[in-house]
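Please look over the sequence and the structure below before reading on. The notes that follow are grouped by topic.

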Amino acid sequence: MILCLPYEFQLRSPTADRSPESTLKMCCAGLEVPFISMAPTFHNYILKESPGRAPLYQRGKLGQPTKKGHEMIAERVFASLEFEGLLP
């Protein structure tokens, strides 16, 4: 299973380059490797952003998720593992 995390700027900009993610997704499909993109989950969270909502990335640490970011990643990975029948 491959997990792909977007950079924060990719979530905030509708014109951000997503071609590396698309290429990785195609390669995974060709190799029958499950692929998880956190972009939709993180993007939806940011769209609902309100005062007091926990950030997803640590300030000053490019691409490093916060506790909230890690929680969302864990939930998404668990759901995917469950869906793929990869849990005991």
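How many aromatic pairs does the count come to? In this predicted model, the count comes to two aromatic pairs. One of them is the stacked pair of Y7 and F9, and another is the edge-to-face pair of F42 and Y57.

**Aromatic rings**

- The ring centres of Y7 and F9 are 5.8 Å apart and their planes meet at 10°, so this pair counts as stacked.
- Y7 has a relative accessible area of 38%, which makes this residue partly exposed.
- For F42 and Y57 the centres are 5.8 Å apart and the planes stand at 85°, so the pair is edge-to-face.
- Because F42 belongs to helix α3 and Y57 to the loop between α3 and α4, their pairing ties together parts that are 15 residues apart in sequence.
- F42 is buried at 0% relative accessibility, and Y57 is buried at 6%.
- R53 sits over the face of Y45, 4.7 Å from the ring centre.
- Beyond its neighbours within four places in sequence, Y45 is in contact with R53, A54, L56, K68 and M72.

**Nonpolar core**

- In soluble globular proteins, nonpolar side chains tend to be buried together.
- The largest nonpolar core here consists of 11 residues: L11, I36, M38, A39, F42, Y45, I46, L56, Y57, M72 and I73.
- Helices α3 (39-47) and α4 each contribute at least two residues to this core.
- Four residues of the core come from α3, which is the largest share.

**Cysteines**

- A disulfide is a covalent bond between the sulfur atoms of two cysteines.
- The search of the whole structure finds zero disulfides.
- C4 is in no disulfide, and the nearest cysteine sulfur to it, that of C28, is 8.9 Å away.
- C28 is likewise in no disulfide; its nearest cysteine sulfur belongs to C27, at 7.0 Å.
- C4 is buried at 12% relative accessibility, and C28 is buried at 5%.

- S80 is placed in helix α4 (residues 67-83).
- With 9% relative accessibility, S80 counts as buried.
- Leaving out residues up to four places away in sequence, S80 touches M1 and I36.
- D17 is found in the loop between α1 (8-12) and α2 (19-31).
- D17 is partly exposed, at 49% relative accessibility.
- The side chains of D17 and S19 are joined by a polar contact of 2.7 Å.

Key. Residues numbered from 1 in each chain as written. Predicted model: local features only at pLDDT ≥ 70, side-chain atom pairs only at ≥ 80, totals over all residues. Heavy atoms only, no water. Buried < 20%, exposed > 50% of the residue type's maximum accessible area, 1.4 Å probe, protein only. Contact = heavy atoms within 4.5 Å. Disulfide = S-S within 2.5 Å. Core = buried A, V, L, I, M, F, W, Y, C linked by side-chain atoms within 4.5 Å. Polar contact = N/O pair within 3.5 Å; in protein donor to acceptor, adjacent residues only side chain to side chain. Phe/Tyr/Trp six-rings, centres within 6.5 Å; stacked < 30°, edge-to-face > 60°. Lys NZ or Arg CZ within 6 Å of the ring centre and 35° of its normal.
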